[in-house]
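Here is a protein model to look at.

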Amino acid sequence: MEKHNNRRFYSLNDFFKDEFNDKIFKVSLDGGFTCPNRDGKVAHGGCIFCSDAGSGEFAGSRRKTITEQIDEQLEFLKDKIKDKKVIAYFQNFTNTYGDVNYLREIYYEALNHPKVLGLAIGTRPDCIEDNVLELLKEINEKHFFWIELGLQTADDNVAKLINRGYPLSKYMETAKKLKENNIKFVTHMIIGLPNEEREDILKTAKCIVESGAWGIKIHSLHIIKGTSLEKLFYQTNFKIFSLEEYVDIVVTILKFLPEKMVVHRVTGDGKKDEVIEPLWSLNKRKVLNEIEKELKKRESIV
């Protein structure tokens with residue numbers, strides 16, 4: 001692992017440069033899934049922060065085939081991507097929650113596209129059954145691949161509040177299985193969930209490290225119009241972290257992550273006309289700049 005452009009953490013772009021000696025892009029796909037806490041298997045309504053798009057506002061359209069979605073996004077990104085390869089990212093909802101034959105069909109349809117270098121699959125720890133795990137092992141042995149797990153918080157009480165639908169123990173159990181099968185996994189966490197303070201959030205990050213995750217995605221909470229979280233916010237007026245508080249927590253996390261843990265993101269994206277709070281999160285460039293400034297500042301402190 002090499003340091004790149006004086007970056008102070010190991011980003012996904014850094015990893016791609018080390019692994020493929022190139023910049024690699026992702027194209028976000030919609031596989032037509034739902035979630036077990038939406039369809040009644042676990043609960044109804046989904047996680048309270050999740051939008052009607054299943055947190056995949058920038059994914060392709062499920063009305064199109066996987067190949068059509070890839071081609072459409074390649075066309076949209078052609079000036080940026082040019083002749084480079086892409087990762088096919090099944091992003092919104094729970095992308096292992098389906099019949100294993102269907103999963104095999106769409107995963108390999110993506111992998112067989114000439115521009116696709118590898119696969120990334122977003123899912124839940126409670127939706128990787130043994131037959132699905134066997135399919136993931138098969139893909140992992142042949143292709144560049146990682147799984148993304150939506151943990152969000154290590155606090156089971158907060159998990160119940162946000163309607164996550166599974167306990168921390170299920171995440172740890174699934175993480176262990178993935179590690180045993182040498183499958184890389186990335187874990188999502190959210191800063192700013194109701195009833196969580198700074199130390200609670202740091203505990204989540206430390207739990208992700210202890211689980212052996214290959215990568216981490218750090219999101220700022222977005223209160224999106226039309227979600228259950230919006231209703232809760234207006235009912236309880238729970239605390240919204242300031243930009244300064246968010247930056248402090250992110251930098252604190254980045255400083256204790258293992259050197260080789262791949263940081264996939266340090267803030268989240270939201271559509272400007274849909275985000276209610278925090279409004280500072282809409283200026284992504286400023287958030288990234290403030291994180292970089294704080295990292296520099298802490299490095300200068302003896």
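Buried means under 20% relative accessible area, exposed means over 50%, and partly exposed lies in between (1.4 Å probe, protein chains only). Helices (H or I, at least four residues) and strands (E, at least two) are DSSP runs, numbered from the N terminus. This is a predicted model, where local features need pLDDT of at least 70, side-chain atom pairs count only at pLDDT 80 or more, and totals for chains, interfaces and linings use all residues. Residues are numbered from 1 along each chain as its sequence is written, and side-chain values use heavy atoms, leaving out hydrogens and water.

Q: What makes β2 mostly covered?
A: 5 of its 5 residues are buried. Val86, Ala88 and Phe90 lie on one side of β2, with Ile87 and Tyr89 on the other. Both faces are therefore covered.

Q: How do you know that β2 and β3 are paired?
A: Two strands pair if DSSP finds at least two bridges between them. β2 and β3 share 5 bridges and run parallel.

Q: Why is the crossover from β2 to β3 called right-handed?
A: The test has the strands pointing away from the viewer; the path from the first strand over the helix to the second must run clockwise. Here the chain goes from β2 through helix α4 (residues 100–111) to β3, and this β-α-β crossover is right-handed.

Q: Which strands make up the open sheet, and in what order?
A: 7 strands form it, in the order β1-β2-β3-β4-β5-β6-β8, with parallel pairing.

Q: Why are β1 and β8 said to stand at the edges?
A: Each has a single partner strand, so one side of each lacks a neighbour in the sheet. For β1 (25–29), the partner is β2, paired in the parallel sense over 5 bridges. Phe25 stands opposite Val86 in β2.

Q: What does helix α2 (residues 66–76) touch on the sheet?
A: Contact means heavy atoms within 4.5 Å. α2 touches β1, β2 and β3 (116–123).

Q: Which residues of helix α9 (residues 228–236) are buried?
A: They are Leu229, Glu230, Leu232 and Phe233. Seen down the axis of α9, they fall within an arc of 165° (taken from the directions from the helix axis to the C-beta atoms), so they line one face. On the other side, Lys231, Tyr234 and Gln235 are exposed.

Q: What do the buried residues of α9 pack against?
A: Their partners are α6 (156–161), β7 (223–224) and β9 (275–277).

Technical notes:
Axes are lines fitted to C-alpha atoms, for helices over the stretch in contact, and angles run from 0 to 180 degrees between N-to-C directions.
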